[in-house]
Amino acid sequence: MSDIWKKWHVMFLIVLVIASLVAISPKVGVRGVEVSFLEKDSPAQGQLSAGDIIREVNGQEVNSPEDFGQFSNATNAAVKTREKELTVSSLQGVEVKDVSTSRIKLGLELVGGTRVVLQPETNISEETVDQIISTLQLRINSFGLKDFKFQKIQDLSGNFFIQAELAGGTQAEVRDLLEREGKFEAKVPLLATTNGSGYTLRLDSSHTFTANETHAIVSGKTIMVNSTERVQLEGIDFEFGGLQDSRAVVKAIVYTGLDVQQVYTDPQNSGIRGTGNGFEFYFTVLISQEGAEKFAKITKNIPSDPRNSGYLLSKLEIYIDDALINSYAIGDSLRGQVVRNPSVSGFRETQDQAAQEKLYSESLLRSGSLPVKLKIVRSESISPSLGREFVSSIFVAAGAALIAVFMVMLLRYRTLKIPALMMMTNIAEIIIILGAMVAIGFNIDLAAIGAIIAIIGSGVDHLIIITDEGQRKDSISLKQKIRRAFGIIMAVGATVIAAMLPLFIIGLGMVKSFAIVTTIGILVGIFITRPAYAELYELLIGEELETKSSVFDKLLNFVKKRDKPSQEIKD
Amino acid sequence: MIEKILSKKLLILPIILLAIATFSFISTYQETGHFVERSVELKGGSLITIATNGSVSAAEVEKLLQGREISVRSVQGLTAGVIIQTSEDPEEILGILEKSLSIRGSSIETVGPVLGESFFQQAQVALLAAFALMSITIFLIFRKVGPSLAIIASAAADIYITLGFLGLLGIPLSLPIFAALLLLIGYAVDTDILLTNHVLKSGKSFQEATVSAMKTGITMTATTFAAMLAILLAPTSSVLNQIAITLLIGILVDNVNTWVTNVQLLKTMLKR
């Protein structure tokens, strides 16, 4: 048995299995729930934080999100976490999930959530896709939703798609958040006074132009009323908004998404306060120098609003996708000023509404502009309870498969040694694959599991080939027989990998991961586990089994006996 | 009796299977205008899977959704559940069901028709590419045209017949099934390569080589079969079931194709 140390495949196998187990870090006997995330205005902020493991609430053991759900309206709850005991004023806005029992990352189907595939309306470059993704990421974060994963996908014709996953989220949430946004522009309508034959607009200099109800002719260019046609004066884009009394309305594009550099939401720069018959929200925004200068130039000559003291006659209109979404009054004090951090405020009747509107406006301004609109072309949504069922069912399936295979082996070889050895090899293979996936950071989704189960079935096949080749009554040595077996195994492995290759190019998550896991499985099998098995086989079993006959042999003998000497078919 | 195993008459088996599969494609074509039924991932629409407390039949669900554009199937695997395929708004449909049934969990999958169609195109390309790559690999291994062609023909027959049978069972082609089909190529080739390797390289007579290969081959089939059967019988998700049943059918069919079709093709080629 001291020979075992010389068999480097076996050694390698043992090392890899241990490494994989370490990578997976399985934990046993895990109790409690993990705080997955705290909503921004949750009262539990500061008392609990994400990652805390809650064991008990008000003396009752909590072991699943459902258990915890009972306490969502509890006030002054006695919470016991793994590290401490404390009283939490309220558990509102505290989201929990099952504590993970290992470092294996489970795919959406096993955890619950939503996954969508977004298609840009026009063909765009990869750079633009990256831009979109980072903008979306930013936007999602401003709503305080974590665990949102974006991925770039490319199909066979080179078109880009974006896949977005929200663990534990609903389809409605994702749709709302993603589809809502579009091109961001802030405009200020200016009034150009008539001078008899045309109209005059005063910025730094004066500009004259002609206009009627349908169009305006500025600097020789014709722009239609209420269209997105523009003309540039003094570095600022203008659209024509029609006639109002004896004046012409020209809209100045003062900010684009890029000009809004930052939106402040910390308590010093933002908040909600009660005023008389409602609530006012406010927050501060950081505008680019260029944007601020445009703002100064545009607002310089705007008179005050007689009906709304303290504010200018013109409002700041926010357009998304060329549709007017919101308008904000501009304070008097900002007239002609290069203001880099104006504050945005609004008013609503209830505090909730004000909070909603604040969040909305923040996100609106913070979103930056998306260069193109996105359309949802594919979505999947799984409730967490269904996901959990899948997980348990997978264990059942894998276990059943292993047992079934073991039985067949037993029937064929009539001895415990071989099936036992095969099972150990198979299990080692699975552990190494899982370890590899954790190391790469891969999600285990249903497809990956399908692949693993396929490996349970096929891994054994190759072990059978090795065993049988090893047993053949041939005049060559055991080593050579085994080498021959590997010839066959390599051939098969190469073929399966070849068959899997096209799947790598199809950019659809599930199918791709199936291919990847299968390929890893085959490589691990061919280069590590099966050679290890061969070495162990040589060592422990060798030629022993020639004598025992199994069901198969008996059948074959029976068939042979019925044969009369017949013509042989030669090569 | 060994003669009987190698007899040409056994060719009737693969021929019958091919006929059945062809029949399946033709009848599907007549019903739907396509040779294979496709699941939503490959043609667009929504797939709603619901798991209920207590069992619910497909007929019940159909009744609740009368008048809607839907098709309902009982889910294999999940202890109580139903799959609804529809081109209408899935959340609306789920809402209707939630009012009358006690639903334990659900999942919705929606694919836009253009994307679904494009997936299908890609799947077809992938299948052909896999076949091509596999053929090249086999040529490189055996370097003899005849036997290589025999293996490829055998694998192609496997896929053809498996698809046909899936059609007969009313199981639409989906991404998991498609992945399983590609895996099947690998499996099928397993036994064919074993056979060919034995016949060409073991130095034994054709008969002996075939018989010794058979012993190993059938054991291999038995284990995979047992594993897939175990998965089908154990309560698992629809995805795993689809993979398992595809492989199950495929393996059984492969047995016929390896030990009859491939054997006969080899026999003929080597006699020349």
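Predicted model: local features only at pLDDT ≥ 70, side-chain atom pairs only at ≥ 80, totals over all residues.
In chain B, helix α5 (residues 113-142) packs against α7(B) at an angle of about 15°, and the two axes are 11 Å apart.

**Chain B in outline**

- The secondary structure of chain B consists of nine helices and four strands.
- Read from the N terminus, the elements of chain B follow the order α-α-β-α-β-β-α-β-α-α-α-α-α.
- Chain B has 272 residues, and 60% of them are buried.

**How helices pack**

- The crossing in which α5(B) passes α7(B) is right-handed.
- Helix α2 (residues 12-32) of chain B and helix α6 (residues 145-168) of chain B have axes that come within 8 Å and cross at roughly 50°. Angles under 35 degrees count as roughly parallel and those from 65 to 115 as roughly perpendicular, so α2(B) is oblique to α6(B).
- The crossing of α2(B) past α6(B) is left-handed.
- Helix α5(B) also packs against a helix of chain A: the axes of α11(A) and α5(B) are 7 Å apart, at an angle of about 155°. Angles over 145 degrees count as roughly antiparallel, and therefore α11(A) is roughly antiparallel to α5(B).
- As α11(A) passes α5(B), the crossing is right-handed.

**Cavities**

- How many cavities of 30 Å³ or more does the structure hold? There are six cavities of that size.
- The largest cavity contains about 140 Å³ of space.
- Its lining consists of 14 residues. Those nearest the centre of the largest cavity are A:Ser458, A:Val496, A:Thr518, A:Ile522 and B:Leu183.
- Which helices each supply at least two residues of the lining of the largest cavity? In chain A they are α10 (446-471), α11 (478-505) and α12 (509-540), and in chain B α7 (175-201).
- By residue type, the lining of the largest cavity has seven nonpolar, five polar and two charged residues.

**Residues with a positive phi**

- A:Asn58 is not a glycine, yet its phi is positive, at about 50°.
- The position of A:Asn58 is in the loop between β2 (53-57) and β3 (60-61) of chain A. A:Asn58 counts as partly exposed because its relative accessibility is 41%.
- B:Arg143 is another residue other than glycine with a positive phi, in this case near 55°.
- The loop between α5 and α6 of chain B holds B:Arg143. Is B:Arg143 buried or exposed? Its relative accessible area is 68%, so B:Arg143 is exposed; the cut-off for exposed is over 50%.

**Residues apart in sequence, with their distances in space**

- A:Ser125 sits in the loop between β8 (113-120) and α4 (126-142) of chain A. With a relative accessibility of 37%, A:Ser125 counts as partly exposed.
- A:Ser125 and A:Phe160 are separated by 35 residues in sequence, while their C-alpha atoms are 8.0 Å apart in space.
- A:Arg348 belongs to strand β24 (residues 343-348) of chain A. Its relative accessibility is 30%, so A:Arg348 counts as partly exposed.
- From C-alpha to C-alpha, A:Arg348 and A:Glu280 are 6.4 Å apart in space, and in sequence they are 68 residues apart.
- A:Ala498 is part of helix α11 of chain A. Is A:Ala498 buried or exposed? The relative accessibility of A:Ala498 is 7%, and residues under 20% are buried, so A:Ala498 counts as buried.
- A:Ala498 and A:Thr519 lie 21 residues apart in sequence, and 9.4 Å separates their C-alpha atoms in space.

Terms used: Residues numbered from 1 in each chain as written. Chains lettered and ligands numbered in written order. Heavy atoms only, no water. 1 Å grid on protein atoms, 1.4 Å probe; cavity = no way out; pocket = protein on both sides within 12 Å on 5 of 7 lines; lining within 4 Å. Points joined across faces, edges and corners; volume = space filled by probe spheres on them. Nonpolar A, V, L, I, M, F, W, Y, C, P; charged D, E, K, R; others polar. Buried < 20%, exposed > 50% of the residue type's maximum accessible area, 1.4 Å probe, protein only. Axes fitted to C-alpha atoms, helices over the stretch in contact; angles between N-to-C directions. Left-handed = near helix turned anticlockwise from the far one by under 90°.
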